[in-house]
Amino acid sequence: MADETSAKHRAPRRRDWRFLFRSDSLALNFTATVAGPRPRPDGKDRLSEPALLDRWFCEAQLPPLAHEVSERGLEKAKALRESIFRVAVSGLKTTTVSPDDVEHINSAARAGVAPLRLGPDGQSAIPPDESTLDELLGLIARDAIDVFSGPYRDRIRKCGSPKCQVLFVDRSRAGNRRWCAMSPCGDQASARAYRKRKKATVQEQL
Ligand SMILES: [Zn+2]
């Protein structure tokens, strides 16, 4: 009988992954929870269970949730995420925005996180203790409205890497950001361009 160690050894190793926060926008970071080289609907949905949405909120440094996320809550969050994604992509492709998606984002944006309170010393700010799922989704929806309607609305871009589907807001002064991140996307593109140039040089010499 195989011992536990060898069984573990034979088990397929899950590829290590982490949530991506490269978009310079809370709302677009949320859309990046569908990852991988292929676009939706074939991308890998990282929010495969409610606990992972909890983890995303935590990594996004949002206020802690009062209750664990339910399956229904997860579906609600994903529905908002896809509405935000579709509106963002419609801007890239200059296609018509769905009124349902706009209403969905506006409706979610109505729930806001409780504001900061002034501490008893009159100088410190006290953040809200805990938030509901709707309140956190409201923060994401309001960020989407800020991005879609604000000065950077024409600076929403898709990462230039063909292997990366991340959308980001180009807040660079020159407005010429091409990658969600230099590492790995920009570096891989530089390496590909180098290999291509080298191959062309070799062929010229033959
Ligand atoms: Zn990228």
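A quick definition to start: a residue is called buried if 20 or more other C-beta atoms lie within 10 Å of its own, exposed if 12 or fewer, and partly exposed in between, with C-beta atoms placed from the backbone. Helices (H or I, at least four residues) and strands (E, at least two) are DSSP runs, numbered from the N terminus. Keep in mind that this is a predicted model: local features need pLDDT of at least 70, side-chain atom pairs count only at pLDDT 80 or more, and totals for chains, interfaces and linings use all residues. Residue numbers start from 1 along each chain as its sequence is written.

Start with α3, where Leu53, Trp56 and Phe57 are buried. Looking down the axis of α3, you find its buried residues within an arc of 100 degrees, so they line one face of the helix. The arc here is that of the directions from the helix axis to the C-beta atoms. Turned away from that buried side is the face with the exposed residues Ala51, Cys58 and Glu59. And what do the buried residues of α3 pack against? They pack against α4 and α6, where contact means that two C-beta atoms, placed from the backbone, lie within 7 Å.

Now try α5, which has Asp101, Ile105 and Ala108 buried. These residues cover an arc of only 70 degrees around the axis, which puts them on the same side of α5. Over on the other side of α5, Pro99, Asp100 and Glu103 are exposed. The cover over the buried residues of α5 includes α4 and α6.

**How α4 and α6 pack**

Two packed helices are described by the angle between their axes and the distance between the axes. For α4 and α6, the angle is about 0 degrees and the axes are 11 Å apart. The axes are lines fitted to C-alpha atoms, for helices over the stretch in contact, and angles run from 0 to 180 degrees between N-to-C directions.

On the α4 side, the contact is made by Gly73, Ala77, Leu80, Ile84 and Val87, and on the α6 side by Leu133, Leu137, Ile140, Ala141, Ala144 and Phe148. Sorted by class, this contact has 10 nonpolar, 1 polar and no charged residues. In that count, Ala, Val, Leu, Ile, Met, Phe, Trp, Tyr, Cys and Pro are nonpolar, Asp, Glu, Lys and Arg are charged, and the others, Gly among them, are polar.

**The core**

A nonpolar core is a set of buried Ala, Val, Leu, Ile, Met, Phe, Trp, Tyr and Cys residues joined through C-beta atoms within 7 Å. The largest one has 37 residues, and Ala27, Leu28, Ile84, Leu137, Ile140 and Ala144 touch the most other members. At least two residues each come from α2 (26-31), α3 (50-59), α4 (71-93), α5 (99-109), α6 and β6 (167-169). The largest share, 9 residues, is from α6. Leaving out residues up to four places away in sequence, Ile84 touches Ala27, Phe30, Thr31, Ile105 and Ala144.

| Cis peptide bond | Omega |
|---|---|
| Arg40 to Pro41 | about 5 degrees |
| Ser183 to Pro184 | near 10 degrees |

You'll find Pro41 in the loop between β1 (34-35) and β2 (44-45), whereas Pro184 is in helix α7 (residues 182-205).

Then there are the positive phi values. Gln61 is not a glycine, yet has a positive phi of about 60 degrees, and it comes just after α3. Is Gln61 buried or exposed? With 8 C-beta neighbours inside 10 Å, Gln61 counts as exposed. Thr94, also not a glycine, has a positive phi of about 45 degrees and lies in the loop between α4 and α5. Thr94 has 6 C-beta neighbours inside 10 Å, so it counts as exposed.
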